[in-house]
Amino acid sequence: MAQDREDEGWIMQRRRGNQEKLSYRLKQYWPAYLLLLPVVLWYVIFCYAPMGGLVIAFKKYSVIKGIWNSPWVGLKNFERLFGSAAFMRSIQNTLVFSGLNFVFGFPLPIIFAILLNEMPGIRYKKIVQTVSYLPHFISWSVAGGLVYMLLSPSTGAIAAVVRVLGGTPQNYIGISRYFRPIVVVSDIWKSLGWSAIIYIAAISSVDEQLYEAALIDGAGRFARIWHVTLPGIRGIISIQLILTVGKILNVSFGQIFVLISDLTLDVGETIDYYVYRVGLGSTNNMSLATASGMFKSIIGLMLIVLTNYASRKLTDGEGIW
């Protein structure tokens, strides 16, 4: 009994200490917490509050009756969802796009950041970096127009090259077998420079003495990259890997919306586009669209947890949490 009372006293003392530390931090750093407040409010209002609408996935939603007065249907929306050939096709297309983006899009920013780091001359390095991340600030409505202009069978640059080589230009963006490569390449072009920024920052924080020591030991440029640069940014790579895997079912809706057409719907419709088409298109079935969006979110959460666990096991405890 005495031991139990001592344990309870120690726990209460620790709680009071934590409360005092929290109050001290709030008083000491209140300007920083005040700057953080708008971000917290944004997440609460636009990310957490709308989660109450997930109940639509378990109802036969009616705009007239509203969310709470619509009748319950249980898991019928999910049964209908997984029985839909269009939804299963959208999952397949999403996984294909995500797989291609992961294989080509994930390592390229790392390689690009390393190449920039190895470039001689700060001036040229800054010019290349600036030019590379400018496409990130272009909306997909504009970027999609550039893609259409580039691939135009009559006036596009690709068509001109094909004619010079003796070929016949085609409407490449309207042909199923070309649509996926076009989406992947255009996404890499738009995001490469911006995605490389975090790796460039991580490389700049690697201790220069490690490079000097490797140089003294006779390590060449590639050996220094392999044994110094990559281990130095391993933590950032693991975190980015976790976030990328967690977003494996997220393919840019804006990009697909701008580039897709009825000719490429069979290979281009992703889960997000399916949600849009079913929820706001001709069927106007909000319950089915909510169920598909909820399914995607649950799978994404599971992937983040599993990838974080694997990352901590493989990288000596480095992960998001």
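Rings of Phe, Tyr and Trp (its six-membered ring) are taken to pair if their centres lie within 6.5 Å, with planes under 30 degrees apart counted as stacked, over 60 as edge-to-face and the rest as tilted. By this criterion, a search of the whole structure finds 18 aromatic pairs. The structure is a predicted model, in which local features need pLDDT of at least 70 and side-chain atom pairs count only at pLDDT 80 or more, while totals for chains, interfaces and linings use all residues. Residues are numbered from 1 along each chain as its sequence is written, and side-chain values use heavy atoms, with hydrogens and water left out.

Among the aromatic pairs is that of Phe-82 and Phe-87, which is edge-to-face, at 5.9 Å centre to centre and 75 degrees between the planes. Phe-82 counts as partly exposed because its relative accessibility is 40%, whereas Phe-87, at 0%, counts as buried (buried means under 20% relative accessible area, exposed over 50%, and partly exposed in between, with a 1.4 Å probe and protein chains only). Ring pairs link Phe-82 and Phe-87 with Tyr-274 and Phe-295 into a cluster.

Phe-137 and Trp-194 also form an edge-to-face pair, at 5.3 Å centre to centre and 85 degrees between the planes. Phe-137 lies in the loop between α7 (122-133) and α8 (140-151) and Trp-194 in helix α10 (residues 176-204), so the pair ties together parts that are 57 residues apart in sequence; helices here are DSSP runs (H or I, at least four residues), numbered from the N terminus. Phe-137 is exposed, with a relative accessible area of 53%, and Trp-194 is partly exposed at 39% relative accessibility.

Methods. Helices (H or I, at least four residues) and strands (E, at least two) are DSSP runs, numbered from the N terminus.
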